[in-house]
Amino acid sequence: MKPRLPAQAAAWGLILATILLGWFGRDLAKALDARWLVKWPSGWVIPFKTHISAGMTWLVEDAAIGPVSFTDATRALAWLIEQPYELMLNLLAHGFLLGSGPDQQVLLPAISWIAVTAAAVALGHYCRNWGWRRWSGPVLPTLPYSGSGTVPW
C-alpha cells in the first residue's frame, strides 16, 4: 500500500508550480520553442472588446421596449430606489423644506432621535409575540461586543 500525499501538500505544490510558471514561463517557452504558450494564435483570440462595445452601444442607443429606452428605464428604476432613502433622510436628518435658497421654509422639522428610539422600542414591544425571537437569538450574543462594554439587559 502506497502512502497517500495529503491534499494540503498537493495544494501547496500546485500553488508553488503556478508561481514558478508565472515567473519563468516566458523563458521556459522560449527555451522549448513553444512561444504559442505566451502569444496565442490570432485565430484563437475572441474579440471581447469589439463584442462588448457593440453590445453596450446597442443597449444605450437602440434598445427600447416600445417608446421607453433602456436609459430611461434604468433612470426610472434609480429614481424609484432613491425615494425611500430621500424620505428617511428628510424625516430623520434634514426635515421637510419648501422652496430653495434663502427663502426656504421648514414644513416639518426632523424627528428627534429620542422619538426614533421610543418608536423602535414601541414597535418591538408590539411585535414581541410574532415569533421574531428565533431571529434575535444570533444577534443578542453580539451586543456585548458592540463597543459599549456593557450588556444591554
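**Legends to close-up views of a predicted model**

**View 1. Overall surface and fold of the chain.** The accessible surface of the chain comes to about 13900 Å², and carbon and sulfur atoms contribute 69% of that area. The model shown here and in the following views is predicted. Its chain contains 5 helices and 4 strands, which follow one another from the N terminus in the order α-α-β-β-α-β-β-α-α. Of the 153 residues in the chain, 4% are buried. Among contacts in the chain with a separation of 6 or more, 2% join residues 24 or more positions apart.

View 2. Trp12, Ile15, Leu16, Ile19, Leu20, Trp23 and Phe24 make a nonpolar surface patch of about 780 Å². In an α-helix, residues three or four places apart point the same way, because there are 3.6 residues a turn. One member of the patch, Phe24, is found in helix H1. Phe24 has a relative accessible area of 48% and is therefore classed as partly exposed, since this class lies between the limits of 20% and 50%.

**View 3. Asp33 in the loop between helices H1 and H2.** The loop that holds Asp33 lies between helix H1 (7–31) and helix H2 (48–62). Most residues other than glycine have a negative phi. Asp33 has a positive phi, near 55°, although the residue is not glycine. With a relative accessible area of 55%, Asp33 counts as exposed, because the class begins over 50%.

**View 4. Hairpin of strands E3 and E4.** Strand E3 (residues 96–98) pairs with strand E4 (residues 105–108) in the antiparallel sense, over 3 bridges. Phe96 stands opposite Leu108, a residue in E4. The two strands E3 and E4 form a hairpin, with 6 residues between them. Within the turn, Gly99 has a positive phi of about 95°.

**View 5. Helix H4, its span and its cover.** Helix H4 comprises 14 residues (residues 113–126), which at 1.5 Å a residue should span 20 Å. The expected span is 1.5 Å times one less than the number of residues. H4 is hardly covered, for the count of buried residues among its 14 residues is 0.

How values were computed. Residues are numbered from 1 along each chain as its sequence is written. This is a predicted model: local features need pLDDT of at least 70, side-chain atom pairs count only at pLDDT 80 or more; totals for chains, interfaces and linings use all residues. Side-chain values use heavy atoms; hydrogens and water are left out. Buried means under 20% relative accessible area, exposed over 50%, partly exposed in between (1.4 Å probe, protein chains only). Contact means heavy atoms within 4.5 Å. Accessible areas come from the Shrake-Rupley method with a 1.4 Å probe; for residues, only the protein chains shown count as cover. Two strands pair if DSSP finds at least two bridges between them. Patches are made of residues with over 30% relative accessible area and no salt bridge: like charges are joined within 9 Å, nonpolar side chains (Val, Leu, Ile, Met, Phe, Trp, Tyr) within 5 Å. A salt bridge is a side-chain nitrogen of Lys or Arg within 4 Å of a carboxyl oxygen of Asp or Glu.
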